[in-house]
Amino acid sequence: MSEGRTLHVHILRFDPHLKDDKPRIETFELREAPGMTLYIALNDIRKYLDNSLKFDFVCRAGICGSCAMLINGRPGLACRTLTSKLDAHISLAPLPVFELIGDLSVHTGNWMRGMSERLETWIHTQKAPDIDRMEERMEPELAEAIYELDRCIECGCCIAGCGTIQMRESFVGAVGLNKIARYRLDPRDERSDAQLYQLIGDEDGVFGCMSLLGCADVCPKELPLQSQIAYLRRKMVQIGK
Ligand code: SF4
Ligand code: SF4
Ligand code: FES
């Protein structure tokens with residue numbers, strides 16, 4: 001029975017904006033409550049033990065992607081992780097790769113925006129906007145397939161778990177490749193495969209991926225990253241030839 005345990009939460013603390021601050025591990029002890037998530041534990045730490053602790057959250061329901069962090073070295077969402085599933089000693093650290101705001105808080109938004117602008121992750125169409133026009137019909141199976149890939153919450157876990165990005169900062173990661181797969185499926189986006197090749201047909205795109213699938217292992221939304229990356233690669237090889 002894990003209920004009522006004393007948790008020892010070891011947190012990597014560092015605020016790059018504070019002069020002379022140094023990275024260090026600080027340990028907080030608290031009593032585990034039934035159904036406690038890491039988000040609740042962090043909130044209790046901030047409320048009762050140290051109100052200077054920085055971490056991000058918005059939805060507390062696995063929807064906004066804000067609370068991603070390294071949990072015992074593995075990327076995951078604090079609000080979707082039950083403390084009862086973990087040992088009483090828990091190590092927390094900020095996601096690597098992203099700009100550190102302080103402690104467990106990182107700026108995933110900057111990175112995601114840069115990736116989105118680079119890959120132009122929006123519908124490209126020559127059709128003039130017409131707000132009176134009826135929405136075009138789409139087969140439910142296709143809408144479902146697009147929705148499946150659209151479930152990405154831009155949490156950054158796949159980036160933090162990616163070996164390629166540790167070596168090549170400009171790699172677009174599984175999140176970027178998944179977005180291209182999503183727009184490629186969408187008939188409203190008129191970009192051809194040859195145009196998409198210009199965006200991801202290089203080492204910063206689909207040919208930089210080493211297919212070790214750390215991304216798929218840690219994606220909290222269980223997106224089909226493995227099959228999408230493999231399919232995109234086959235398509236881009238054909239176009240490249
Ligand atoms: S693909 Fe998965 S892990 Fe990557 S940002 Fe989207 S939801 Fe997070
Ligand atoms: S499969 Fe590709 S995108 Fe996924 S973690 Fe490995 S290198 Fe990164
Ligand atoms: S707080 Fe939104 S995903 Fe965790």
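## Burial and overall build

Buried residues account for 34% of the 241 residues in the chain; a residue is buried if 20 or more other C-beta atoms, placed from the backbone, lie within 10 Å of its own, exposed if 12 or fewer, and partly exposed in between. This is a predicted model, in which local features need pLDDT of at least 70 and side-chain atom pairs count only at pLDDT 80 or more, while totals for chains, interfaces and linings use all residues. Residues are numbered from 1 along each chain as its sequence is written, and chains are lettered from A and ligands numbered from 1 in the order in which they are written.

The chain holds nine helices and seven strands. These are DSSP runs numbered from the N terminus, with H or I and at least four residues for helices, and E and at least two for strands. The C-alpha trace spans about 60 × 40 × 35 Å along its principal axes. Among contacts between residues at least 6 apart in sequence, 65% join residues at least 24 apart; a contact here means two C-beta atoms, placed from the backbone, within 7 Å.

Let's look at strand 1, residues 6–13. Its covered face carries Leu7, Val9, Ile11 and Arg13, and its uncovered face carries Thr6, His8, His10 and Leu12. In a regular strand, side chains alternate between the two faces of the sheet.

Strand 1 has an antiparallel pairing with strand 2 (residues 24–31), over eight bridges, and there Ile11 has Glu26 as its bridge partner. Strand 5 (residues 89–93) runs parallel to strand 1 and is joined to it by four bridges, with Ser91 as the bridge partner of His10. Strands count as paired if DSSP finds at least two bridges between them.

The largest nonpolar core contains 52 residues, and Cys158 and Leu177 have the most contacts inside it. Helix 6 is the element that gives the most to this core, six residues. Because domain 1 (6–106) and domain 2 (120–240) both give residues to the core, it lies between them. Such a core is a set of buried Ala, Val, Leu, Ile, Met, Phe, Trp, Tyr and Cys residues joined through C-beta atoms within 7 Å, and the domain bounds come from an automatic or database domain assignment.

Beyond its neighbours within four places in sequence, Cys158 is in contact with Gly173, Ala174, Val175, Cys215, Val218, Cys219 and Leu225.

## Around the two ligands

Ligand 1 has 13 residues around it, of which Cys152, Cys155, Cys157, Cys158 and Cys219 come nearest; a residue is near a molecule if its C-beta atom, placed from the backbone, lies within 6 Å. Helix 6 (173–185) gives the largest share of this shell, three residues, and helix 4 (157–160) also supplies at least two.

For ligand 2, 14 residues form the surroundings, with Cys162, Thr164, Cys209, Gly214 and Cys215 the closest. Helix 5 (163–167), helix 6 and helix 8 (214–218) each give two or more residues to that shell.

## Two residues with positive phi

Most residues other than glycine have a negative phi. Glu120 has a positive phi near 50° and sits in the loop between helix 2 (108–119) and helix 3 (140–150). Glu120 counts as partly exposed because it has 16 C-beta neighbours inside 10 Å.

Ser211 also has a positive phi, near 60°, and belongs to the loop between helix 7 (193–200) and helix 8. Ser211 has 11 C-beta neighbours inside 10 Å, so it counts as exposed.
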